[in-house]
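Welcome, and thanks for taking a look at this one with me. Please open the sequence and the coordinates side by side before reading on.

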Amino acid sequence: MDCDNKGSRAGPTFQTAYDKLRHRGKMTLQLGIMQLMEEATQEAVTKLNFKEGKEWKFKQSVELVKEVFAQSEDESIRKKALELERMVEYPPGKLFGIVEERKNSRSQRRSRSRSRRSRSRR
């Protein structure tokens with residue numbers, strides 16, 4: 001699902017409903033976003049002919065994304081999850097628990113602590 005603001009694959013109906021909620025204010029957006037996500041989930045379930053049908057809920061989709069990402073750390077899953085969170089104005093990681101990867105953060109921390117230790121020994 002492409003989650004850009006053009007609504008190309010997210011669907012014009014979803015994008016229009018989301019924009020209406022957003023323009024009504026933050027409280028309305030927060031209350032309506034989960035219902036909107038449930039509707040989008042049901043639309044996807046119907047299109048994909050899931051055997052679970054109407055029993056499949058958005059929460060299950062979130063858990064599935066978390067599980068698949070935990071097993072594979074697939075960069076395309078990270079990208080789409082972050083795009084969706086950004087689109088609905090959630091902080092990165094709030095929905096899916098997937099955060100943007102910080103390159104070399106571990107090695108930078110090590111070198112900083114090593115340099116601090118060497119300074120303290122002087």
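The model is a predicted one, so please read every value below as computed from it. Its secondary structure amounts to five helices and zero strands, which gives the pattern α-α-α-α-α along the sequence. Among contacts in the protein with a separation of 6 or more, 36% are between residues 24 or more positions apart.

## Where α2 meets α3

Let us begin with a helix pair. Helix α2 covers residues 26–48 and helix α3 covers residues 58–72; their axes come within 8 Å and cross at roughly 80°. Angles from 65 to 115 degrees count as roughly perpendicular, and α2 and α3 are therefore roughly perpendicular to each other. Which residues of α2 and α3 meet? On the α2 side they are Met34, Met37, Glu38 and Thr41, and on the α3 side Phe58, Lys59 and Ser61. Sorted by class, this contact of α2 with α3 holds three nonpolar, two polar and two charged residues.

## Two buried side chains

Gln42 is another residue of helix α2. Is Gln42 buried or exposed? Its relative accessibility is 18%, and since buried means under 20%, Gln42 counts as buried. The side chain of Gln42 reaches the backbone oxygen of Trp56 at a distance of 2.6 Å. Setting aside neighbours within four places in sequence, Gln42 is in contact with Gly53, Lys54 and Trp56.

Tyr18 sits in helix α1, which spans residues 12–24. With a relative accessibility of 1%, Tyr18 counts as buried too. What does Tyr18 contact, leaving aside its neighbours within four places in sequence? The partners are Leu29, Ile33, Leu36, Met87, Val88 and Glu89.

## Helix α4 and what follows

Helix α4 covers residues 75–87. It has 13 residues and reaches 18 Å from its first C-alpha to its last, close to the 18 Å expected at 1.5 Å a residue. The buried residues in α4 are Arg78, Ala81, Leu82, Glu83, Leu84, Glu85 and Met87. In general, an α-helix has 3.6 residues a turn, so residues three or four places apart point the same way. Met87, which is buried in α4, is also one of the contacts of Tyr18.

## Positive phi values

Some backbone angles are worth a look on your screen. Asn49 has a positive phi although it is not a glycine, and Glu73 likewise has a positive value in a residue other than glycine. Glu89, which follows α4, has a positive phi as well.

| Residue | Phi |
|---|---|
| Asn49 | about 55° |
| Glu73 | near 50° |
| Glu89 | near 60° |

Where do these residues lie? Asn49 is found in the loop between α2 and α3, while Glu73 lies in the loop between α3 and α4. Exposed means over 50% relative accessible area. Asn49, at 66% relative accessibility, therefore counts as exposed, and Glu73 is exposed with a relative accessible area of 52%. As for Glu89, this residue is also listed among the contacts of Tyr18.

Note on methods:
Residues are numbered from 1 along each chain as its sequence is written. This is a predicted model: local features need pLDDT of at least 70, side-chain atom pairs count only at pLDDT 80 or more; totals for chains, interfaces and linings use all residues. Side-chain values use heavy atoms; hydrogens and water are left out. Axes are lines fitted to C-alpha atoms, for helices over the stretch in contact, and angles run from 0 to 180 degrees between N-to-C directions. Helices (H or I, at least four residues) and strands (E, at least two) are DSSP runs, numbered from the N terminus. Angles under 35 degrees count as roughly parallel, over 145 as roughly antiparallel, 65 to 115 as roughly perpendicular and the rest as oblique. Contact means heavy atoms within 4.5 Å. Ala, Val, Leu, Ile, Met, Phe, Trp, Tyr, Cys and Pro count as nonpolar, Asp, Glu, Lys and Arg as charged, and the others, Gly among them, as polar. Buried means under 20% relative accessible area, exposed over 50%, partly exposed in between (1.4 Å probe, protein chains only). A polar contact is a pair of N or O atoms within 3.5 Å; within protein, one must be able to donate a hydrogen and the other to accept it, and residues adjacent in sequence count only if both atoms are side-chain atoms. The expected span of a helix is 1.5 Å times one less than its number of residues.
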